[in-house]
Amino acid sequence: MLRLGLIAVRETVPGGSHPDRVVYAITEAGRETATEWQRQMLSLGRDPFPEFVAAVSMLMALPPDDARRQLERRIELLAADLAETEAVLAASDGLPRLFLLDEEYRRALLTAELAWVRSVVTDLRDRRLDWDEPWRRRVAADFDLPPDEARSPDERTTS
């Protein structure tokens with residue numbers, strides 16, 4: 001990440017009897033890359049684990065409306081994958097169930113994920129799930145984070 005310019009050395013802390021500790025800070029290019037990575041992981045309907053779980057754990061890195069838009073894109077892809085799976089199962093008339101278990105499992109996962117993502121999108125749209133700069137600052141204070149790390153990339157560039 002250092003070589004790519006996504007982080008920079010902030011300081012080197014003497015380690016005493018241990019090796020020195022290098023503290024890194026994210027650069028503007030790193031913030032932009034992280035934001036784009038976040039958008040892709042939220043919106044793409046492929047390979048949900050572990051990337052999607054990581055993206056969900058950092059949902060507050062995007063403004064709520066942006067997060068909602070990315071998840072709406074994911075819904076479209078999940079719905080298409082589910083329709084494809086349903087078509088495979090429907091076209092498998094007469095095939096022993098043993099040979100369809102993988103598709104049944106895929107349908108179960110897609111159905112569950114689709115229902116969950118739709119519920120999150122609904123909560124984002126209805127503002128039952130929401131966050132903003134003051135909220136991020138309160139969280140940063142509660143967890144002793146540097147205030148800039150609690151701000152979204154969009155807010156960092158506009159201040």
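Here is a walk through this structure, from the overall layout down to a few single residues.

What you're looking at is a predicted model, so local features are described where pLDDT is at least 70, side-chain atom pairs count only at pLDDT 80 or more, and totals for chains, interfaces and linings use all residues. Residues are numbered from 1 along each chain as its sequence is written, and side-chain values use heavy atoms, with hydrogens and water left out.

Let's start with the whole chain. Its secondary structure comes to 6 helices and 2 strands, where helices (H or I, at least four residues) and strands (E, at least two) are DSSP runs numbered from the N terminus. Read from the N terminus on, the order is β-β-α-α-α-α-α-α. Of the 159 residues, 32% count as buried; buried means under 20% relative accessible area, exposed means over 50%, and partly exposed is in between, using a 1.4 Å probe and protein chains only. The accessible surface of the chain is about 10,300 Å², and 59% of that belongs to carbon and sulfur atoms (areas come from the Shrake-Rupley method with a 1.4 Å probe, and for residues only the protein chains shown count as cover). Now for contacts, meaning heavy atoms within 4.5 Å. Among those in the chain with a separation of 6 or more, 51% are between residues 24 or more positions apart.

Met-1 sits in the segment before β1 (7-13), and it counts as exposed because its relative accessibility is 63%. Neighbours within four places in sequence aside, Met-1 is in contact with Leu-6 and Ile-7. Met-1 and Gly-30 are 29 residues apart in sequence, with 8.2 Å between their C-alpha atoms.

The expected span here is 1.5 Å times one less than the number of residues. The buried residues of α1 are Gly-30, Arg-31, Thr-35, Gln-38, Met-41, Leu-42 and Ser-43.

How does α1 meet its partner α3? Two packed helices are described by the angle between their axes and the distance between the axes. The axes of α1 and α3 (residues 64-90) come within 7 Å and cross at roughly 35°; axes are lines fitted to C-alpha atoms, for helices over the stretch in contact, and angles run from 0 to 180 degrees between N-to-C directions. On the α1 side the contact is made by Arg-39, Met-41, Leu-42 and Ser-43, while α3 brings Asp-66, Ala-67, Gln-70, Leu-71, Arg-73, Arg-74 and Leu-77.

Pick out Gln-70, found in helix α3. Gln-70 is buried, since its relative accessible area is 8%. Apart from neighbours within four places in sequence, Gln-70 is in contact with Arg-39, Leu-42, Ser-43 and Leu-62.

Now look inside. A nonpolar core is a set of buried Ala, Val, Leu, Ile, Met, Phe, Trp, Tyr and Cys residues joined through side-chain atoms within 4.5 Å. The largest one has 18 residues, and Leu-42, Leu-71 and Val-117 touch the most other members. Helices α1, α2 (48-57), α3 and α4 (101-125) each supply at least two residues of this core, and the largest share, 6 residues, comes from α4. Leu-71 is in contact with Leu-42, Phe-52, Val-117, Val-120, Val-121 and Leu-124, leaving aside its neighbours within four places in sequence.

Helix α4 itself has 25 residues and reaches 36 Å from its first C-alpha to its last, close to the 36 Å expected. Among its buried residues are Leu-110, Leu-114, Val-117 and Val-120, along with Glu-103, Glu-104 and Glu-113.

Finally, follow the chain past α4. Arg-127 lies in the loop between α4 and α5 (133-142). Most residues other than glycine have a negative phi. The phi of Arg-127, though, is positive, near 65°. Arg-127 is partly exposed, given its relative accessible area of 41%. Asp-130 lies in the loop between α4 and α5 too, and counts as partly exposed because its relative accessibility is 39%. Asp-130 and Pro-64 are 66 residues apart along the chain, yet their C-alpha atoms are separated by 6.2 Å.
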